Amino acid sequence: MVNFVEFAFFFYIFVGLYLTSLLFFIYISNRKKLFYYPIGKPEPVSIVIPCYNAEKTIGQAIESLLRLNYPREMIEIIVVDDKSTDDSVRIVEEYTGKHSNIKLIKMDKNSGGAAEPTNLGVLNAKYNYVSVTDDDSSPEPDALIKMIGFLQDDEKVAAVTCAVMARNSRTFMQKLQNVEYTIISWSRKLLDCVDSVYVTPGPFALYRKKNLIEVGLFDSKNMTQDIEIVWRLLFHGYKARMCLAARVYSETPTKIKAWWRQRVRWNIGGTQSILKYKKFMFRKGMLGAFIIPFFSFSLFLGLFGLGIFIYLLTTRLWVKYLSTKYSIYAGSTILRFQDLTFNPSVLNFFGIALFLSGLFFTLIGLSVMNEPRFKNKNILNILFYMLVYLALYPFVMVNGLYKLLRGKYSW
Amino acid sequence: MNSKNAFWQAFVFAVIVFAVGMIFGFFLEVKQNENIFSRLVDSEINILDNQLRTRIVEDFEVGCDFAKESLFKFADNVYFEAVELEEFDTDGRLSDLTTLHKRYDLLRTLLWVEAKELNKECAESFDILVYLYEYKSEDAGVKAKQDFYSKLLFDIKSEMSEDVLLIPIAVDTGLSSIELITKTKGIDKFPVILINDGTEIYEVLTLDEFRELFNSV
């Protein structure tokens, strides 16, 4: 008969089924307009790049901005150096020497995050539209012109994000992140269809300057200021939009250690945002109706699920260890044929059905995004991504929560 | 279509898919249960067969060898049927197999009583090994020991199939007869192996130590 743990599994399967169905339903009713963007007319834009120890990438980032299909005289590039200790400043100074529309601002001391240099850049921006881009990211030439129409089209839109794609696919970790970034971009656009864009990621986003200043700029205490700012804009009644037709390519960690550190930071920032806005649960439009509950529920389910998994695994391993130890001592059989028999239950079939729907969703996402690197889909990478990579997230959550509780975290 | 309708549409869809899945699951189990239910009918027949066989042994003055052979054959059938039953008793089952388990425990208790009688009449020509365990225990220590005992007893059964009668009985399925036996014997800790109604084994023994406890060796 079904016990508590099995009931929990059924619940997880139902939630998974619901979320997959939700995204499918949104996709079905919006599939023809996913890549739609309002045609915008060029207006002056200030582009802020918070920079810290980016000697290897800052040049490429600036070059990509100089290649934007946008009137040169309408672009101002502001690099805010957060007291880099490498050659970043010298590289940026080479560009400021050659281009009158590139400006360098040096912070007096390192702020330890991207929020403060970004805020300084926004305050120094000449124009009403402000774009923020990371020092290791490169937007596609038509990204800005495709995004600006969203702000011009609706006064209530205060922020626009685009599809963030992984720049390289050299290492196995990067290949997995390539799949992940593509699916996240697609899912984010689907959530945009229900007014639930919850982040304008650092690699490339466009804002209305007066709205940013009105709501108090980026929160320097939050580890994911790009999530928090959107929640604050939504709280003030503004909207955030996603332009799937525009893309920015960003560096991804090559090794698991750097990946882990980045994801822990994302989780800390997400949890900080939940704590900050928890009192608006079920209030303030889609922020309280979907985004905060979705984040909170994901955190709870991730941690609870991991707890159940660890409990089951340790209990079973402990039983097997003891039993095997006794059998070895007694000189009796360790494993019988009947121990290997498997009679699938309803739970197994539900699990398989959920996995297949997840796989189907992923394959559709990769196909919709039409990323050239997925032309020859490596199904093994996709399976590894679904079975192993995603399973690491609850562990990242635990680590993030632990660091948050101890108050020991940094950018 | 308003995209926000997707929230409740997805919910309705998920409920329908889930319900269909559950119904499919029930049908799947019903299919599996057909096999189990045939065992259920067998167990009814077995109980009657056992009761009748006991009377035949008494009334027809069947010799010890025949009676023993018949008893062992019967015990083997019950043992392997129960093993099959356990294979179906997996995690996540929607239907409960406790009732069926109870029937087998009842049958095995009857077998135990009969075996004791027969062994007395046949000058203790074989050993009766009764294994009392907890069917529903969640305690890791108990589960580990039960896993070990079932393997050890499987070895003993394979090795001494003609001299040792193995009768595993679950004590926590709510059968009053088993409760009566355990209370009378003062047994309140499980799992336990009873050899010829005298020796009670609670600890981990080697196969050799175990063999030494039998009369027939």
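The model is a predicted one. Chain A holds an open sheet of eight strands with mixed pairing. Chain B has six helices and four strands, and its strands form an open sheet of their own, also with mixed pairing. Between the chains, 41 residues of chain B are in contact with 37 residues of chain A.

**Sheet of chain A**

- The strand order in chain A is β3-β2-β1-β4-β7-β6-β8-β5.
- At the edges of this sheet are β3 and β5 (137-139) of chain A, each of which pairs on one side only.
- β2 (residues 75-81) and β3 (residues 102-106) of chain A run parallel and are joined by five bridges.
- Within that pair, Val80(A) has Ile105(A) of β3(A) as its bridge partner.
- An antiparallel pair is made by β6 (residues 157-166) and β7 (residues 205-208) of chain A, with three bridges.
- Thr161(A) is bridged there to Ala205(A), which belongs to β7(A).
- Strands of a sheet pair through backbone hydrogen bonds, in either the parallel or the antiparallel sense.

**Helices on the sheet of chain A**

- Helix α3 (residues 88-98) of chain A forms a right-handed β-α-β unit together with β2(A) and β3(A).
- α3(A) also packs on the sheet, where it touches β1, β2 and β3 of chain A.
- The direction of α3(A) makes about 150° with that of β3(A).
- Helix α6 (residues 172-192) of chain A lies across β6 and β8 (239-250) of chain A.
- The angle at which α6(A) runs to β6(A) is about 150°.

**Overall form of chain B**

- Along the sequence, the elements of chain B follow the pattern α-α-α-β-α-β-α-β-β-α.
- Chain B is more spread out than a compact globule, because its radius of gyration is 22 Å, well over the 17 Å that the globule rule gives for 217 residues.
- The C-alpha trace of chain B spans about 85 × 40 × 30 Å along its principal axes.
- Of the 217 residues in chain B, 28% count as buried.
- Among contacts in chain B with a separation of 6 or more, 77% come from residues 24 or more positions apart.

**Sheet of chain B**

- The four strands of chain B are ordered β2-β1-β3-β4.
- β2 (164-170) and β4 (199-201) of chain B are the edge strands, each pairing on one side only.
- β1 (residues 127-133) of chain B pairs with β3(B) in the antiparallel sense, over four bridges.
- In this pair, Leu129(B) has Ile195(B) of β3(B) as its bridge partner.

- α5(B) is hardly covered, with one buried residue among its ten.
- Gly186(B) follows α5(B) and has a positive phi, near 70°.
- Pro191(B) is placed in the loop between α5 (176-185) and β3 (192-195) of chain B.
- The peptide bond from Phe190(B) to Pro191(B) is cis, and its omega is near 5°.

**Contact between the chains**

- The interface involves 41 residues of chain B and 37 residues of chain A.
- On the chain B side, α1 (5-59), α2 (64-88) and α4 (140-159) each supply at least two residues.
- α1(B) gives the most to that side, with 15 residues.
- The side of chain B that touches chain A is made up of 22 nonpolar, eight polar and eleven charged residues.

**Positive phi values in chain A**

- Asn53(A), a residue other than glycine, has a positive phi near 45°.
- Asn53(A) sits in the loop between β1 (45-51) and α2 (58-66) of chain A.
- Asn53(A) counts as partly exposed because it has 17 C-beta neighbours inside 10 Å.
- Leu217(A), also a residue other than glycine, has a positive phi near 60°.
- Leu217(A) is in the loop between α7 (209-215) and α8 (225-235) of chain A.
- Leu217(A) has 19 C-beta neighbours inside 10 Å and so counts as partly exposed; a residue is buried if the count is 20 or more.

Conventions:
Residues numbered from 1 in each chain as written. Chains lettered and ligands numbered in written order. Predicted model: local features only at pLDDT ≥ 70, side-chain atom pairs only at ≥ 80, totals over all residues. Contact = placed C-beta atoms within 7 Å. Nonpolar A, V, L, I, M, F, W, Y, C, P; charged D, E, K, R; others polar. Buried ≥ 20, exposed ≤ 12 C-beta atoms within 10 Å, placed from the backbone. Pairing = 2+ DSSP bridges. Right-handed = clockwise from strand over helix to strand, strands pointing away. Axes fitted to C-alpha atoms, helices over the stretch in contact; angles between N-to-C directions. Rg over C-alpha atoms; globule rule 2.2 N^0.38 Å.
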